[in-house]
Amino acid sequence: ARGAQGLVLSSGVDWTTKLWAPAYTDKPLLSLLSHSYDYMSDVQWSPAHPSIFATASSNGTLGLWNLASSLDEPITGSQGLSIDENDDVDKSHGV
């Protein structure tokens, strides 16, 4: 997923989401460990805010990250948001 300033996000089966700046280096700028310890199946930048992105893991949890507030922990907490069979977000997180 390509974001602002040429930054790129990738996700993979190594439990990480990586932030890249391919115009400047061939190594990741940041590597974030999965909030669920399952492989990451997708990552997407926010269309409205350049420092926010979402991650999806293979166990059905969603992580929301804001790089402006933390480089270590998603704003959804270490457990992420669980998505149930009906695609409803877990209401215990108030979302």
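Guide: Here is a short tour of W15, T16 and a patch on the surface.

This is a predicted model, in which local features need pLDDT of at least 70 and side-chain atom pairs count only at pLDDT 80 or more, while totals for chains, interfaces and linings use all residues. Residues are numbered from 1 along each chain as its sequence is written, and side-chain values use heavy atoms, with hydrogens and water left out.

Let's begin at W15, in the loop between β1 (8-11) and β2 (16-20); strands are DSSP runs of E with at least two residues, numbered from the N terminus. The phi of W15 is near 70 degrees, a positive value in a residue other than glycine. Most residues other than glycine have a negative phi.

Next comes T16, in strand β2. T16 counts as buried because its relative accessibility is 12%, whereas W15, at 40%, counts as partly exposed. Buried means under 20% relative accessible area, exposed over 50%, and partly exposed in between (1.4 Å probe, protein chains only). Leaving aside residues up to four places away in sequence, T16 touches S10, S11, S31, L32 and M40, where contact means heavy atoms within 4.5 Å.

Finally, look at L33, in strand β3 (residues 30-33). With 45% relative accessibility, L33 counts as partly exposed. Both W15 and L33 belong to a nonpolar patch on the surface, along with V13, Y37 and Y39. Together these residues have about 570 Å² of accessible area, by the Shrake-Rupley method with a 1.4 Å probe; for residues, only the protein chains shown count as cover.

Conventions: Helix = DSSP H or I, 4+ residues; strand = E, 2+ residues; numbered from the N terminus. Patch = residues over 30% accessible without salt bridge, like charges linked within 9 Å, V, L, I, M, F, W, Y side chains within 5 Å. Salt bridge = Lys/Arg side-chain N within 4 Å of Asp/Glu carboxyl O.
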